[in-house]
Amino acid sequence: MNFNVGGPSHLQYSISSSSSDSENDDEVRFSNHLQGFDTQAEVITRMCDNNNRLWAHYIAQQNNQVTHGGSIPGHIVINRDRENADRNLFTDYFAENPRYPDSMFRRRFRMGRSLFLRIFNAVAEHDNYFMQRRDGLGRLGLSGLQKMTAVFRMLAYGIAADATDEYIKIGESTAIQSLKKFCRAVVEVFAEQYLRSPNANDVARLLHIGKRRGFSGMLGSLDCMHWKWKNCPTAWAGQYAGRSGSPTIILEAVADYDLWIWHAYFGLPGSNNDINVLEASHLFANLAEGIAPPAHYVIQGKEYNMGYYLADGIYPKWSTLVQSIHDPRGPKKKLFAMKQEGCRKDVERAFGVLPSRFAIVAGPARFWNKNVLHDIMTACIIMHNMIIEDERDVDAAIEDWMEAPTPEVEIVVDENTRFQEFLARHRQIKDREAHIALRNTLIDHLWEEYTNSEN
């Protein structure tokens with residue numbers, strides 16, 4: 001039997017046929033795998049594109065969103081090079097041989113260098129905010145001189161906080177915070193000395209000066225000024241709107257011949273008049289309580305024990321206020337009106353010098369908080385008095401005065417007696433007849449001095 005069917009050629013054909021089928025299957029499977037890979041790659045590409053578009057949209061929203069300072073996303077950090085700015089500031093004004101002379105320092109800081117450094121040292125000792133420190137990266141922060149110079153630029157020139165950045169290299173928010181802290185520190189450190197009520201020696205000197213000027217018993221002149229409040233809250237605008245139609249805050253002040261401000265009462269709305277402010281202020285509080293220093297003087301042989309202030313015609317006719325005569329008739333009354341209005345200009349001159357030294361008071365107030373405005377006004381008045389003390393001519397003839405003895409105050413234990421004495425002093429302060437009698441006596445006294453000088 002022949003089992004060799006087809007011979008060797010048939011066997012070779014069968015083997016080759018099966019191998020070609022397996023190769024075709026491998027090719028099909030490989031092509032299928034490639035198609036699968038292409039599909040997955042296309043899906044992945046689409047997912048990446050979608051993610052990129054989502055991230056781009058999110059970043060665009062973050063860039064368009066308004067953010068404020070602090071350690072939050074969107075905060076812009078500006079390298080102001082504050083170290084070099086501090087060195088330049090020191091070289092310009094505070095070096096041993098500064099670039100700018102004392103006259104330019106006085107003009108730009110409104111005071112001498114020695115007084116400025118005295119205020120700087122006292123404020124830095126009181127509040128460590130004005131001490132130079134390092135930040136989290138170890139870099140030196142703003143120096144106390146930079147912060148205080150920015151404050152004086154705002155107080156003296158009335159500029160916005162952002163305008164100090166170009167020279168001082170200080171941010172707007174830091175400049176505003178420095179202004180608030182500086183004014184509060186000045187009030188806390190210097191108010192007791194430079195915004196005090198007159199003591200016995202002060203009263204003796206003021207009485208001596210008043211006598212030299214023809215008004216024995218005069219302690220100063222009284223008046224009010226208005227500070228426009230630009231950023232007054234809308235709900236308060238009607239209450240604070242005065243005769244100008246804009247919201248204002250009233251300052252009541254007493255000034256003497258050299259423009260020292262002895263009394264400052266700030267804060268009442270501008271809709272009030274001078275009489276309302278006087279009733280609300282503490283001008284005569286010590287006098288009513290019986291703790292004011294004695295003010296003894298003699299006019300035309302009559303003794304008085306209460307000083308008085310010169311005021312204009314709107315004020316009430318109290319025994320502690322002397323007004324001018326609206327329509328003077330005769331030479332005696334005309335002379336009195338001229339003298340009284342001339343001496344009363346002391347407080348008007350003080351209201352002119354204060355805004356010229358500190359232009360922030362001359363322009364509209366841009367802060368919202370009323371307490372901040374109170375600190376700014378009070379700090380300006382305190383530094384105004386410090387400048388007067390620093391630059392006062394101690395050799396002037398009008399400064400000659402005798403030191404007064406320390407007053408002896410008798411303390412009454414009985415509450416009823418103390419209350420009755422308080423009421424009696426209060427009635428004496430507001431005595432209309434005493435006001436008229438004092439003014440008539442002053443009219444005769446001034447005329448007598450005038451005629452004697454003419455003779």
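Analyst: Phe109 is buried, its relative accessible area being 0%; buried means under 20% relative accessible area, exposed over 50%, and partly exposed in between, with a 1.4 Å probe and protein chains only. The model is a predicted one, in which local features need pLDDT of at least 70 and side-chain atom pairs count only at pLDDT 80 or more, while totals for chains, interfaces and linings use all residues. Residues are numbered from 1 along each chain as its sequence is written, and side-chain values use heavy atoms, with hydrogens and water left out.

Phe109 is found in helix H3, where helices are DSSP runs of H or I with at least four residues, numbered from the N terminus. Apart from neighbours within four places in sequence, Phe109 is in contact with Tyr93, Phe94, Phe116, Thr149, Phe152 and Arg153; contact means heavy atoms within 4.5 Å. Along the chain, Phe358 is 249 residues apart from Phe109, yet their C-alpha atoms are separated by 9.6 Å.

Helix H3 spans residues 102-109, and Phe105, Arg108 and Phe109 are buried in it. These residues lie on the same side of H3 because they cover an arc of only 85 degrees around the axis, the arc being that of the directions from the helix axis to the C-beta atoms. Ser103 and Arg107, on the other side of H3, are exposed. The cover over the buried residues of H3 includes helix H2 (82-94), helix H4 (113-126) and helix H5 (144-157). After H3 comes Arg110, with a positive phi near 70 degrees.

Ile376 is in contact with Leu155, Leu179, Cys183, Trp227, Ile360 and Phe367, leaving aside its neighbours within four places in sequence.

Asn385 is placed in helix H14, which covers residues 370-391. Asn385 is buried, with a relative accessible area of 0%. Not counting residues up to four places away in sequence, Asn385 touches Tyr194, Leu195, Leu259, Trp260 and Ile261.

Notes. Helix = DSSP H or I, 4+ residues; strand = E, 2+ residues; numbered from the N terminus.
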